[in-house]
Amino acid sequence: MNFFNELLNGDFMPHGHCLLWRTDLLLLHVGGDTLTFIAYMLIPIALIRLVRARDDLRFDWMFLLFAGFIFFCGATHILGIINVWHGYYYIHGIIKSMTGIISILTAILLWYLLPQAISLPGKRAMEAKIVALMRAEHELAASNQRLEAEVKKRTAQLEKMATTDELTELLNRREIMRLLELEVARADRQGAALSIMMLDLDHFKAINDSYGHQAGDRALKSAAETFKQQLRKTDFIGRIGGEEFLVLLPDTNISSACVLANRIRQALEQQTTDNSAIPTCTASIGVTQYIASDDLHSLIQRADETLYQAKSNGRNCVYQSPD
Ligand SMILES: Nc1nc2c(ncn2[C@@H]2O[C@H](COP(=O)(O)OP(=O)(O)OP(=O)(O)O)[C@@H](O)[C@H]2O)c(=O)[nH]1
């Protein structure tokens, strides 16, 4: 109790006596302390706001310690003003001691942190790092683009390989059959005409035997090219066996299909007689049209039977299935 009475007893000799109550000295001390007090209150508030706004701040507790240290310094200055008129020297001493403790603590921790703070990258190093990162990012984006283009190219190649006959570059058996299924479904639903041709090169074994397998390959490729040239963009042609081809003619009736089949046959005959590098080659063609009662199997079978008729009746000719 006695301690508290002494603590709060401001009756010690006021500091003003030391200053001889001279107005100019009083103004200097009180003015200086007031300005310092205002500044020492504003600085901790600014530091606390900084720490709260930046959650990425390193050593943020150090900023808070600084805020506390500066706050206590400010408190000693306000006591300096009060003590000019009242002698609260115990309270002043306590606040000074607390300022001393927090200052020592801050100083120790500051020295402890110093090596880490020194090793932090400076502005120039950070800028160089950012430039390097941006360059790496650009390079990554460019290589991503290259990779994507490569993947697209490879996917297109794979898709082509999956649907194309390697030798003739026509559609392969699986793809032409898939398209036939679609065209049959379309013809069925829309009631559109659909004709197909089964096309087989004549005496191809003899070509292979006489001129060799490589010449046979060349003949196959060249025949495929000739067939393709005669067709519309909306028609499909695929190689379904060694020297056997299937042609799909959407929106085409059987008489138009037969005209086209004869044109193809003649073009092949013409092309092989004109080109001495390719063994003379002809084709037999069976033509048929889709009818409502057909399924895939019956349609193909009828085209096959018609081709067989063309083969049995002298080859290098076009036969159409009976109505
Ligand atoms: N060069 C080559 N020959 C092939 C290829 N595929 C199948 N052949 C050959 O084509 C020939 C087909 O013979 P066949 O089925 O007897 O028919 P063909 O000799 O054309 O007789 P017809 O069809 O009755 O006129 C065989 O000798 C096969 O080896 C190929 O990709 N390249």
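In this predicted model, an oxygen atom of the ligand sits 3.0 Å from an N or O atom in the side chain of Asp200. That is a polar contact, meaning a pair of N or O atoms within 3.5 Å. The ligand taken alone exposes 660 Å², and the protein buries 67% of that. Areas come from the Shrake-Rupley method with a 1.4 Å probe.

Because the model is predicted, local features need pLDDT of at least 70 and side-chain atom pairs count only at pLDDT 80 or more, while totals for chains, interfaces and linings use all residues. Residues are numbered from 1 along each chain as its sequence is written, and side-chain values use heavy atoms, with hydrogens and water left out.

**Ligand site**
- Asp217 places an N or O atom of its side chain 2.6 Å from a nitrogen atom of the ligand.
- Glu243 has a polar side-chain atom 3.0 Å from a ligand oxygen.
- The shell holds 17 residues, and His203, Phe204, Asn208, Asp217 and Arg239 come nearest. A residue is near if one of its heavy atoms lies within 4 Å.
- Strand 1 (194-201), helix 7 (204-211) and helix 8 (213-230) each supply at least two shell residues. Helix 8 gives the largest share, four residues.
- Helices (H or I, at least four residues) and strands (E, at least two) are DSSP runs, numbered from the N terminus.

**Strand pairing**
- Strand 2 (residues 236-239) and strand 3 (residues 244-250) run antiparallel, joined by four bridges. Strands pair if DSSP finds at least two bridges between them.
- Phe236 has Leu248 of strand 3 as its bridge partner.

**Transmembrane annotation**
- An unreviewed UniProt entry places "transmembrane region" at residues 34-51, 63-82 and 88-114. Such annotations may be inferred rather than shown by experiment.
- Residues 63-82 are 100% helix, with end C-alpha atoms 29 Å apart.
- Residues 88-114 are 96% helix and 0% strand, with end C-alpha atoms 38 Å apart.

**Positive phi**
- Glu169, not a glycine, has a positive phi of about 65°. Glu169 lies in the loop between helix 5 (123-163) and helix 6 (173-190). At 51% relative accessibility, Glu169 counts as exposed.
- Arg315 also has a positive phi, near 65°. Arg315 is in the loop between helix 10 (296-312) and strand 5 (318-320). At 31% relative accessibility, Arg315 is partly exposed.
- Buried means under 20% relative accessible area, exposed over 50%, and partly exposed in between (1.4 Å probe, protein chains only).

Terms used
A polar contact is a pair of N or O atoms within 3.5 Å; within protein, one must be able to donate a hydrogen and the other to accept it, and residues adjacent in sequence count only if both atoms are side-chain atoms.
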